[in-house]
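Please look at the sequence and structure below before reading on.

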Amino acid sequence: MKLHEYQSKDLLSRFGVPVPAGDVTSDPAQAAGIAKRLGGKVVVKAQVLMGGRGKAGGVKLFDNAEEAGAFAKELIGKRLVSIQNPSGMIVEKILVAEQIDIAKEFYVAVLLDRAAQRNIVMISAKGGMDIEEVAATDPEAIVKIPVDPAWGLADFEIREGLAKAEIPANVRGQMVDMIKRLVRAYAESDAEMIEINPCAMMPDGKIVAADAKVSIEDNALFRHADYKATSAESAEDPLEEEASKRGIAYVRLGGDIGIIGNGAGLVMCSLDEVNAAGGRPADFLDVGGGAQAERVKSCVELIMMDSNVKGLLINIFGGITRCDEVAKGILAALEELNLKIPVVARIEGTAADEGRALLRGTRIVPAETMQEAAGKIVELAYA
Ligand code: GDP
Ligand code: MN
């Protein structure tokens, strides 16, 4: 789950990471009040979870509270569109923060590097800009320090990385301190990513996190009740938001063949098979173990909210899940949603015979194997 900038800064400041003073609001009048309290010289920042926010006009500097308030009024409720997010996002909240003088901008991040099989710290003296762009044009400018899972990170390793990244010597002490706090915040908050871009150096040589992005591992959200409450609203896609409300593991993939399976591995195999058969999967959806008819229906309903879906593939291997329960769910969904699109079901395992018997004589097309199911749904959907 991605946290908003204001939430990320709150979290990081609890670990002693320096962040500029500021407050969040959804009310323009209040925004002017916050700006006044901060002395008028502020930055107004849209709290939207999208890349390229600054370039999209979501970040603006002001010298006085009146102008900041006027901009806040204009910004709240507006749709911001960026290259990274062409469909855009509506601004609901804004952060009004003390404006800092920036002499230099750095990049610092802590994230999981799957290839390295460990967490890493990433540092660059080329902060402020899109890090993907730096990675593409000047990969040498990004230094990666692996965090040993047993020993953690020693000060000398951080110092070595800072020197290699050509971070000015006068701020290295502060950076070592900040990075250690970031690594601690990362571990203790169950984060999967923390990114500070820019990590700003002020003219007096002090460093501060001028922007912050924290993402919390979804599977650890039960330990973070405060964020869990806002997890559905933070989804970037309305369907993923709905899925999160329903407690369904769903990822929209943009194609037109709806896919439901049980178990992440089986769902991924199904995606591969649909792809191999020439189809474009619309989603990844794992109904989970022991799914009851009601839940299966809810999953079908969710997939059908995507108007691109032309066909539905259901691939279940019953272990804890009973195939007759799944069949009941499919039938209930078929009836209630008045499904017109082709549906192919491959069900195997616990109570498969009962399940198949329930589906016999209905418009659901049975398949013996995953490959056959994928082939059939592609044929029927694109007919
Ligand atoms: P992003 O576009 O979503 O990454 O938004 P950022 O918060 O990173 O802001 C974009 C850019 O605006 C930064 O790289 C800075 O150059 C500038 N900026 C943001 N906050 C301040 C500030 O307080 N003072 C100054 N001088 N510039 C700022
Ligand atoms: Mn930024």
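## Basis of the description

Helices and strands are DSSP runs, numbered from the N terminus; a helix has at least four residues of type H or I, and a strand at least two of type E. The model is predicted.

Although Glu-166 is not a glycine, its phi is positive, at about 60 degrees. Most residues other than glycine have a negative phi, and most peptide bonds are trans.

The peptide bond that joins Asn-197 and Pro-198 is cis, with omega at about 10 degrees. Pro-198 belongs to strand 10.

## The surroundings of ligand 1

Asn-197 also takes part in the surroundings of the ligand: a polar backbone atom of Asn-197 is 3.2 Å from an oxygen atom of ligand 1. Two further polar contacts involve the backbone. A polar backbone atom of Gly-54 is 2.7 Å from an oxygen atom of ligand 1, and a polar backbone atom of Ile-100 is 2.7 Å from a nitrogen atom of ligand 1. On its own, ligand 1 has 560 Å² of accessible area, of which the protein covers 79%. Strand 2 (42-46), strand 3 (59-62) and strand 10 (191-201) are the elements that give two or more residues to the shell around ligand 1.

There are 14 residues around ligand 1, and those that come nearest are Lys-45, Arg-53, Gly-54, Ile-100 and Glu-105. By type, the shell around ligand 1 consists of six nonpolar, four polar and four charged residues.

## The pairing of helix 9 and helix 11

The axes of helix 9 (residues 238-246) and helix 11 (residues 293-304) come within 11 Å and cross at roughly 170 degrees. Because angles over 145 degrees count as roughly antiparallel, helix 9 is roughly antiparallel to helix 11.

In this contact, Leu-239, Glu-242, Ala-243 and Arg-246 of helix 9 meet Arg-295, Ser-298, Glu-301 and Leu-302 of helix 11. The residues of the contact comprise three nonpolar, one polar and four charged.

Methods. Residues are numbered from 1 along each chain as its sequence is written. Chains are lettered from A and ligands numbered from 1 in the order in which they are written. This is a predicted model: local features need pLDDT of at least 70, side-chain atom pairs count only at pLDDT 80 or more; totals for chains, interfaces and linings use all residues. Side-chain values use heavy atoms; hydrogens and water are left out. A residue is near a molecule or strand if one of its heavy atoms lies within 4 Å of it. A polar contact is a pair of N or O atoms within 3.5 Å; within protein, one must be able to donate a hydrogen and the other to accept it, and residues adjacent in sequence count only if both atoms are side-chain atoms. Accessible areas come from the Shrake-Rupley method with a 1.4 Å probe; for residues, only the protein chains shown count as cover. Ala, Val, Leu, Ile, Met, Phe, Trp, Tyr, Cys and Pro count as nonpolar, Asp, Glu, Lys and Arg as charged, and the others, Gly among them, as polar. Axes are lines fitted to C-alpha atoms, for helices over the stretch in contact, and angles run from 0 to 180 degrees between N-to-C directions. Angles under 35 degrees count as roughly parallel, over 145 as roughly antiparallel, 65 to 115 as roughly perpendicular and the rest as oblique. Contact means heavy atoms within 4.5 Å.
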